[in-house]
Amino acid sequence: MNSLGDNALMIKVKDGDFDKLGTLFERYKKPLFGFFYHMNKDVDLSEDLVQNVFFRILKYRYLFRGEGDFRTWMFHIARNVSHDHFRKIKWKGREDLDQWQERLSNNDNRQAEFQQDEELELLSMAMDRLPEDKREILLLSKYHEKKYREIGALLGCTEGAVKVKVFRAMQELKDLYKQLEKHL
Amino acid sequence: MKIDEAYIQQLLDRVAAGVATQGDHLEIEELLDGGVIRPEDIESHARIEQQLLRLDAPEPSSSLDRQFYQMLSNNKSSKKAMRWSQFFQWPQLVPKFAIASVMLLVGVGAGYFLRPSADAPGDGEIAYLSRQVSDLQEMMMLSLLEKGSATERLKAVNLTQEMNEASQKVTNALIQTLSEDENINVRLAALEALKPYTTDSSVREALIRSIAKQESPLVQISLAELMVALQERSAVKEFEKIVDSDRTPAEVKKKIRETMEILI
């Protein structure tokens, strides 16, 4: 239902009815923000990236054909925005555990958010330690509601290959989680 | 791929217990790729996945909304306003230049092919040819006026209407026809043909002189009307001659008197 609505809205945006982009923004600002936030753990940066995604949607609206799913197209743009950002800052994803613990203790946002749930805190830390591609596939799975076929279209691979990628990412996440659990 | 459910369950159990070998993992991947099992079937993963779904991000701040709607507003206003600066931007100019160049080439080509050829006569030659045609028409008209047939003479008189400007010779011939032709219709046609030349005083004088020579009431009345139109007072004396003549019908006399009253 939403997808049909999304596509129809995006077609209207393409035809010049820019107000309809506001509706799409209200629908997807949170999932997009969540996707970016779990990728970089920076609120301001994530907001900028969400803004960037909608800027690109508007700029490249003529490329939307309405044949595929709008959300897939939007996440395709979001991935590009994210990759562009990581390329730009050469983000250091390989910090050791002590640095992460220090970072966690200094991060008021995160403390406030996760203090009541140690498991989620550990999971968040484990996610942060995952390689970018694996973190991305898990977040796509989360925000794409496990629609592996659509994720496959987004990544340019088969549905089966997406499931394998998710499995491998989950394996690694589980291992990281256990490591963190032992340290704490 | 023929693998029984019990075997698959054993594989999944080993993964859940964390004792799966590299080979087990490869087999699981094969099963996933083949669609035999789903990622959700792996219990240990399912638990983490559930947690993953609960892993919330903080709420985006209001500045995200503010920035987005500002961007939207800017785009809407820039879309509405016609920007001349955009007109001159290179990507827009390229097709315009292309079209202009093509049109210029088409124009030059058309001009080249449609230009007057070297053999075509110039303005002077055209004037010369035109004069030749006029001379020919004049000669033909004068020749036809001498014909015995009234029809031929009428044709001759009508030929003058095709001439841009009749020569003195032609107007004289017409005046002669008006005064002397035996056919009333030919005289009337000659009078009609002379009207465009009444601005010439010699033609007007000739017309006045011809009044006394007319015996046909139709020609007399036509001349009277023309004199009124020209406000030619000097014609009154000639009209008096017609009025005084016993051969002039009473109705014509009446009309002529009216004309004289207007002219006096």
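**Terms and the values behind them**

Tutor: In this predicted model, E138(B), M141(B), L142(B) and L145(B) of helix 7 of chain B are in contact with K169(B), V170(B), A173(B) and T177(B) of helix 9 of chain B. Sorted by class, that contact of helix 7 with helix 9 of chain B comprises five nonpolar, one polar and two charged residues.

Student: What makes helix 7 of chain B roughly parallel to helix 9 of chain B?
Tutor: The axes of helix 7 (residues 123–145) and helix 9 (residues 168–180) of chain B cross at roughly 20 degrees and come within 11 Å. Angles under 35 degrees count as roughly parallel, and therefore helix 7 of chain B is called roughly parallel to helix 9 of chain B. As to handedness, helix 7 of chain B passes helix 9 of chain B in a left-handed crossing.

Student: How do you know that the span of helix 9 of chain B agrees with what its residues should give?
Tutor: Helix 9 of chain B has 13 residues, which at 1.5 Å a residue should span 18 Å, and because its end C-alpha atoms are 18 Å apart, the two values agree.

Student: Which residues of helix 9 of chain B are called buried, and on what grounds?
Tutor: The term requires 20 or more other C-beta atoms within 10 Å of a residue's own, and in helix 9 of chain B the residues V170(B), A173(B), L174(B), I175(B), T177(B) and L178(B) are buried in this sense. Their cover includes helix 7, helix 8 (150–159), helix 10 (184–194) and helix 11 (201–211) of chain B.

Student: Why is helix 2 of chain A called oblique to helix 3 of chain A?
Tutor: These two helices of chain A pack with their axes 8 Å apart and at an angle of about 135 degrees. An angle over 145 would count as roughly antiparallel and one of 65 to 115 as roughly perpendicular, the rest being oblique; helix 2 of chain A is therefore oblique to helix 3 of chain A. The crossing of helix 2 of chain A with helix 3 of chain A is right-handed. Among the residues that make the contact are F25(A), L32(A) and F36(A) of helix 2 of chain A, and L49(A), V53(A) and I57(A) of helix 3 of chain A. By class, this contact of helix 2 with helix 3 of chain A has 14 nonpolar, two polar and two charged residues.

Student: What do the values show for the length and burial of helix 7 of chain A?
Tutor: Helix 7 of chain A, with 12 residues, reaches 17 Å from first to last C-alpha, close to the 16 Å expected at 1.5 Å a residue. Its buried residues include L122(A), L123(A), M125(A) and R129(A).

Student: How many residues bring the two chains into contact, and where do those of chain A come from?
Tutor: In total, 36 residues of chain A are in contact with 30 residues of chain B. Helix 2 (19–40), helix 3 (43–59), helix 6 (108–114), helix 7 (118–129), helix 8 (132–143) and helix 10 (159–183) of chain A each supply at least two residues of that side of chain A, and the largest share, 10 residues, comes from helix 10 of chain A. The side of chain A that touches chain B has 20 nonpolar, eight polar and eight charged residues.

Technical notes:
Residues numbered from 1 in each chain as written. Chains lettered and ligands numbered in written order. Predicted model: local features only at pLDDT ≥ 70, side-chain atom pairs only at ≥ 80, totals over all residues. Contact = placed C-beta atoms within 7 Å. Helix = DSSP H or I, 4+ residues; strand = E, 2+ residues; numbered from the N terminus. Nonpolar A, V, L, I, M, F, W, Y, C, P; charged D, E, K, R; others polar. Axes fitted to C-alpha atoms, helices over the stretch in contact; angles between N-to-C directions. Left-handed = near helix turned anticlockwise from the far one by under 90°. Expected span 1.5 Å × (residues − 1). Buried ≥ 20, exposed ≤ 12 C-beta atoms within 10 Å, placed from the backbone.
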